[in-house]
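Dear colleague,

I am passing on the structure we spoke about, and I would be glad if you could look through it alongside the notes that follow. Please open the sequence and the coordinates first, and then read on.

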Amino acid sequence: MNETLSKAVIETFCKLHEEGIIYRANRLVNWCVKLNTTLSNLEVDQKQLTGRTFLNVPGYDIKEKFEFGVITSFAYVIEGSDERIIVATTRPETMLGDTAIAVHPDDPRYTHLHGKFAVHPFLDRRIPIVTDSIIVDMEFGTGAVKITPAHDPNDYEVGMRHNLEFINILNDDGTFNANAGAHFNGMKRFHARVEVVKLLKERGFFVETKDNPMQIPVCSKSGDLIEPVLKPQWWVNCKPLADEAIKRTRAGELLIQPKQSENEWYRWLEGIQDWCISRQLWWGHRCPAYFVRIEGADQDVNDGKNWVVGRTKDEALQRAEAFASGRKFTLEQDEDVLDTWFSSGLWPFSIMGWPETTPDLQKFYPASLLETGWDILFFWVARMVLLGIKLTGKVPFKEVYCHAMIRDAHGRKMSKSLGNVIDPIDVIQGQSLENLHAMLREGNLDEKEILKAIAGQKKDFPKGIPQCGTDALRFALCAYSGGGRDINLEILRVEGYRKFCNKIFNATKFAMLKLDESFVPRPTSKPTGKESLVEKWILHKLNIAAAEINTQLAERNFMLATTAAYNFWLYELCDVYIEAMKPMTDEAAPIETRKSAQQTLYTCLDYGLRLLHPFMPFVTEELWQRLPRRPNDSTPSIMVSAFPVHDSAFVSEAADKSFDLVFSALRTGRSLAASYNLQSEIQFFLHIQNDEEAALFESQLPTIVALTKGCKSAKVVRDLSEIPAGCGGAVVTPSIAVHTLVRGLVDLDVEIAKCDKKLDLARLNLQKVVKVESQPDYAATVPENVRLANEDKRKTLDAEISTLELSREMFSKLKL
């Protein structure tokens, strides 16, 4: 409401009025009795009813409920006869405003009634019978439709087509006026509904009432039932503005994300209706429009020709003088204010000083990105685009990202009466179940709703809401954001991310113990080329994570971005590298090995925290401040540090492939030990048939031991005779198998039986592969990649059979 913004609103109204975009018309509006104002279509919710439903209405006694979801049939008597014509309505009270009955011109049942009249049962009013092929469906109901032009959008169009009388029966406060007749004058609208049905029954005009699934319009702010009412209002002709917005969007000047929201964007703009911008409220931008009341003239206040607009009172006065042409007049400013979305639609440029060409406007407009909820895409975003293009010639922002709406874990809309409203502060700080119950009594819920809400809270939060912290909540919301419209928020998942925060904190704290007081980061993060295999591997994985996070952030896929950060920290840095580097940083390790491992660890912590920072700003800032800085780096905060991107110096495909092979053998060994329930004194024997692979595994034995809990030793063997008797084995690849000593620790008969079962399955699978490869024209008809896969599968099965036969033989010998 400050001077700059008020000036922008007035300029917009006057400019659009001067161009004919804003006009005055007496048309149907959405009237909220409770708020006593007009509403736009976007401010009206459609409540779905499946049939007869009794509802309380704002403004009536809380114990008083009215019938909805039914269709009432009654009869009109044809003038000058005893013949009746039956019509039906879901709003019986509107019959007091009926001014016609429509039938289809081709319906033979009513041909004889064309041009005749019916008699209103309660009022001294003749009801013409008109023919209309648009409003009437001959197959629906009786094929006769009552027409209330002043209180129904469809009937309004019929009234315009047939030049019918428009009779308004409703006062602004929801009572009926004198047009409804003396009996109903001053009666509240839903009391009138009951009274109309009662009188129809008493006078013999009532036919029946049936269940009728339907939607009823409800004010999104007050919950009141909306009434279509004729009102002289100011309107915006949106069609030419929308056409230009569609054109600009299709041309790529505006990106709407996610795709689902873009589709809705086009659908809404293509079907856009004129926008009523008048509001009957006490607070807001008053319409800069003035009625020119000419002395002695018979003028229609509804006619826009009798109105002028002005940026100032003096400008309006000058225009009024020109209109009056020397006649005496008075100026009366419209008492209505403008829809709040009218001024909000100017926000991107009005805050920059528009309509003045300010330095801010020139430098900062248009903006790059608007992040908002999809539920106000049309309330606000569309209005900003329509008005921005019209008034500045530019789309106000290059991209609109619509975030999802948060619902409870069951997908329900959050509601106080359900007890499922989740306050983010409660998630951050934690809240006991008792306090959640107590807060329900701070509102205006009745006792029944409170008891229902308490039951909901007990079910969803049996132990209250655990303290999760800001970072965990932020990370969870990002992790949920994968392009859908809704987030079904589970507190347990948020709590899981709190544990992830703890993991990061503890892992970083532990890792920093490996950076002794003498440690100084190198001036650059670039690898020296002397790093060990696991160092090259983790730097390669760090690089992959950085590239993936940047890609997904650019595509606004925060779910995949958080997944990449989570996986790097948890499964690669914490689970693998920090464990693998322990022997490399022991005092017994060579100093060059120790220093190299420390530099790699520092790079991973530094870059890893930066990659996490957009999602977990607090814990990452806290930990990053504890890290030492590289020489000549005086960056004061992680917030302003360079965000990691793909760096070709970190790429090491060979190391990635080699360590993945080692890790595959490691996982096979862990699984093998677990199958024998070995938890300590684990001994691995790695049978390697390939010289190159043997050398690789020889160099990685310390890593295998470090990454296997309870592992005592690991040894590479080249000959089967080197494997001790009493070992169980498993195949990694056709040339690599892992064996572990289980002698004296297992039931030999059970293990022999297991080997036999596995051998049967492996031999069966091998027969299937051999059968496929033995088919005629196999080499000519089967693609090369499939043949290679089958060959590899056959070799692996051969190796598995050999390993199982060896294990079985060992177990059998131990029985002797």
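**Aromatic rings and charges**

In this structure the charged end of R383 sits over the ring of W275, at 4.0 Å from the ring centre. Please keep in mind throughout that the model is a predicted one.

Because W234 belongs to strand β14 (residues 227-236) and W307 to strand β19 (residues 307-309), the pair ties together parts that are 73 residues apart in sequence. Both partners are on the buried side of the 20% cut-off: W234 has a relative accessible area of 0%, and W307 has a relative accessibility of 8%.

Another pair is that of F475 and F615, with ring centres 6.1 Å apart and planes at 85°, so this pair is edge-to-face as well. Distant parts of the chain are linked here too, since F475 sits in helix α14 (residues 470-480) and F615 in the loop between α18 (591-612) and α19 (617-626), 140 residues apart. F475 is buried, with a relative accessible area of 1%, and F615 is likewise buried at 1%. These two rings are also members of one aromatic cluster, which is made up of F475, Y497, F500, Y566, Y571 and F615.

Strand β19 takes part in an open sheet of 3 strands, in the order β19-β18-β20, with antiparallel pairing. The edges of this sheet are β19 and β20 (329-333), each of which pairs on one side only, and neighbouring strands are turned by 35° against each other on average, if direction is ignored. Strand β18 (residues 289-294) is joined to β19 by 3 bridges, the two running antiparallel, and within this sheet Y290 stands opposite V308 in β19. Helix α6 (residues 313-324) lies across β18, β19 and β20, and runs at about 135° to β20.

Strand β14, for its part, belongs to an open sheet of 4 strands, which are ordered β2-β1-β14-β16 and paired in the antiparallel sense. The edge positions are held by β2 (37-39) and β16 (275-276), each with a single partner strand, so one side of each is left without a neighbour in the sheet. Strand β1 (residues 22-32) pairs with β2 over 3 bridges, in antiparallel fashion, and W31 stands opposite T38 in β2.

**Helices and their packing**

Which way do α15 and α19 run relative to each other, parallel or antiparallel? Helix α15 (residues 491-513) packs with α19 at an angle of about 5°, their axes being 11 Å apart, and the two are therefore roughly parallel. In this contact C501, I504, F505, T508 and M512 of α15 meet V619, L623 and R626 of α19.

Helix α16 (residues 533-554) and helix α17 (residues 558-580) pack at an angle of about 170°, with their axes 8 Å apart, which makes α16 roughly antiparallel to α17. Among the residues that meet across this contact are W537, I538, L542 and I549 in α16, and F568, L573, V576 and Y577 in α17.

For helix α10 (residues 377-392), 14 of the 16 residues are buried, so this helix is largely enclosed by the rest of the structure. Just after α10, G393 takes a positive phi of about 80°.

Finally, N790 is found in helix α25 (residues 784-815). At 17% relative accessibility N790 still counts as buried, because the cut-off is 20%. Leaving aside residues up to four places away in sequence, N790 touches V769, V772, E773 and Y778.

With best regards

Technical notes: Residues are numbered from 1 along each chain as its sequence is written. This is a predicted model: local features need pLDDT of at least 70, side-chain atom pairs count only at pLDDT 80 or more; totals for chains, interfaces and linings use all residues. Side-chain values use heavy atoms; hydrogens and water are left out. Buried means under 20% relative accessible area, exposed over 50%, partly exposed in between (1.4 Å probe, protein chains only). Rings of Phe, Tyr and Trp (its six-membered ring) pair if their centres lie within 6.5 Å; planes under 30 degrees apart count as stacked, over 60 as edge-to-face and the rest as tilted. A charge sits over a ring if NZ of Lys or CZ of Arg is within 6 Å of the ring centre and within 35 degrees of the ring normal. Two strands pair if DSSP finds at least two bridges between them. Axes are lines fitted to C-alpha atoms, for helices over the stretch in contact, and angles run from 0 to 180 degrees between N-to-C directions. Contact means heavy atoms within 4.5 Å. Angles under 35 degrees count as roughly parallel, over 145 as roughly antiparallel, 65 to 115 as roughly perpendicular and the rest as oblique.
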